[in-house]
Every structure is written in C-alpha cells, then in structure tokens.
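Dear colleague,

I am passing on the structure we spoke about, and would be grateful if you could look through it alongside the notes that follow.

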Amino acid sequence: MTITQTAIQQLMHDRKSVRKYKEGVVIPHEKLQALLQNAITAPSSSNMQPWRFIVIEDQQVKKELRQISNDQEQVETSSAIIAVLGDLEMYKNAEQIYDANFEQGFMPREVADLMIKNSLGLYGSLPSEKLSSLVHFDAGLISMQIMLLAKDMGYDTVPMGGFDKIKFAERFNLPKNEVPILLIAIGEAAAPAYGSSRLPVEQIVRYI
Ligand SMILES: Cc1cc2nc3c(=O)[nH]c(=O)nc-3n(C[C@H](O)[C@H](O)[C@H](O)COP(=O)(O)O)c2cc1C
C-alpha cells in the first residue's frame, strides 16, 4: 500500500540537521525577512512573543562566533546564523500587543485592557527563573517554525545550543533583559545530514 504524505509531513521528515554548507551562498534579506515574518505566527504565552533575533551574515563575525561555539564548522560556513534570543521583559509590550488586538477587531476594549493589566501584573512579578523558562519554551516553538519554513524554501538548518551564552551576550552587547537561547545555521547543504533515529512512538506515549 502506498502511503501519501501531506506536504507538512514530508517537510518534517525531510528536515534534518545539516552541518556541511556550500560556502559563499547569500540568502537575500527579503527571503530571510519573509521567513521570520512567517515564523512569528508561532504561539506564545499570553501572545507576549518574547523572541528576538540577531541575523549574523558577516563572514568575520561568523568566524568569531565559531570560536565561542565549540568550533562548530557550520557557524562559519552556513549563509547566516539566526540567533534566537528571549526577552525577559517581553511583558512590557503587553499594551502594544493588546491594543493591536483591539484595533484589529480581535477583542473588545475591556478584554484588551484586562489582558494588559493581567500580563503586566503576572509576568512583571514572576521570578527571573520562571520568566526564563517561559521564554525558552516559546523560543523553542518559533525555532521549529524557522527550521521547517527554511526547509520549505529550499534551505537547510541546524539548531545549536553548543555555544558560550555568556560570551555571546558580551560580544553582541545584549541588554540585561535579553538571553541568547539557540543559534540556527541556515544555508544550502553541501552534504546531506546524517540520519537520525527516533524512539518508537509506542514507547513514549501513554493513552489514559
Ligand atoms: C536545543 C538543541 C541544541 C542542539 N545543539 C546542537 C549543536 O550545538 N550542534 C549540533 O551539531 N547539533 C545540535 N543540535 C542538533 C541535534 O543533534 C539534532 O537535532 C538531533 O541529533 C536529531 O537530528 P536531526 O535534527 O537531524 O533530526 C541541537 C538540537 C537541539 C534541539
């Protein structure tokens, strides 16, 4: 029996972490911007959208970044590194976000005002470890979208947690409220990814 995969299933199976890239490939900014524009459809806690990005394309800067990323080759050879950051003060945008929800007709004014008040109250009083875990979770959601969208555009990616986050924050002058979370290398594959297995689904699911 032939099983036909839907487009999204195919993409999910085709996405693999690629670590060898064709050097010198430039991804036009319009494409990177379109990728990120689509990626920000990701859901986030209270729609606070805590993700921030630094797109690193400069060859010299990538070379420097490689030195604080366990000397991982793809940091230098890929077309760009999308650094996914989290803003621990994301709740300070609550007003902008919920005003826009009201203006675009998604909720009445009273609901928007309540959401603003609750978001400022709740997130503004959370300890930083809690905020950090929330922001990391949301960054994971958008990172996955970025990698699938990149694949859909004909590019490959590899997510990287293996870098010195303290040195990254220093090198890129991150304000205290921004934490580096993941580097995503993007570019054209020069060699296919290694295969990678998965645990059997029966082993990891419980139905109750
Ligand atoms: C949070 C996170 C951090 C990762 N860090 C690295 C990394 O620093 N270097 C690397 O080569 N791969 C890294 N990977 C890629 C994983 O090794 C890879 O996703 C896993 O082996 C499954 O392979 P696949 O992505 O090809 O399906 C990371 C993946 C995740 C989700």
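Just after helix H7, Gly154 takes a positive phi of about 95°; helices here are DSSP runs of H or I with at least four residues, strands are runs of E with at least two, and both are numbered from the N terminus. This is a predicted model, in which local features need pLDDT of at least 70 and side-chain atom pairs count only at pLDDT 80 or more, while totals for chains, interfaces and linings use all residues. Residues are numbered from 1 along each chain as its sequence is written, and side-chain values use heavy atoms, with hydrogens and water left out.

H7 itself covers residues 128-152 and reaches 36 Å from its first C-alpha to its last, close to the 36 Å expected, where the expected span is 1.5 Å times one less than the number of residues. Among its buried residues are Leu131, Leu134, Val135, Asp138 and Ile142, buried meaning under 20% relative accessible area with a 1.4 Å probe and protein chains only.

Turning to the ligand, Ser17, Arg19, Gln72, Gly161 and Arg198 come nearest of the 14 residues around it, a residue being counted if one of its heavy atoms lies within 4 Å. Strand S3 (residues 156-160) gives the most to this shell, with three residues. A polar side-chain atom of Ser17 lies 2.6 Å from an oxygen atom of the ligand, and for Gly162 a backbone N or O atom lies 3.0 Å from a ligand oxygen atom.

With best wishes

Key:
Buried < 20%, exposed > 50% of the residue type's maximum accessible area, 1.4 Å probe, protein only. Polar contact = N/O pair within 3.5 Å; in protein donor to acceptor, adjacent residues only side chain to side chain.
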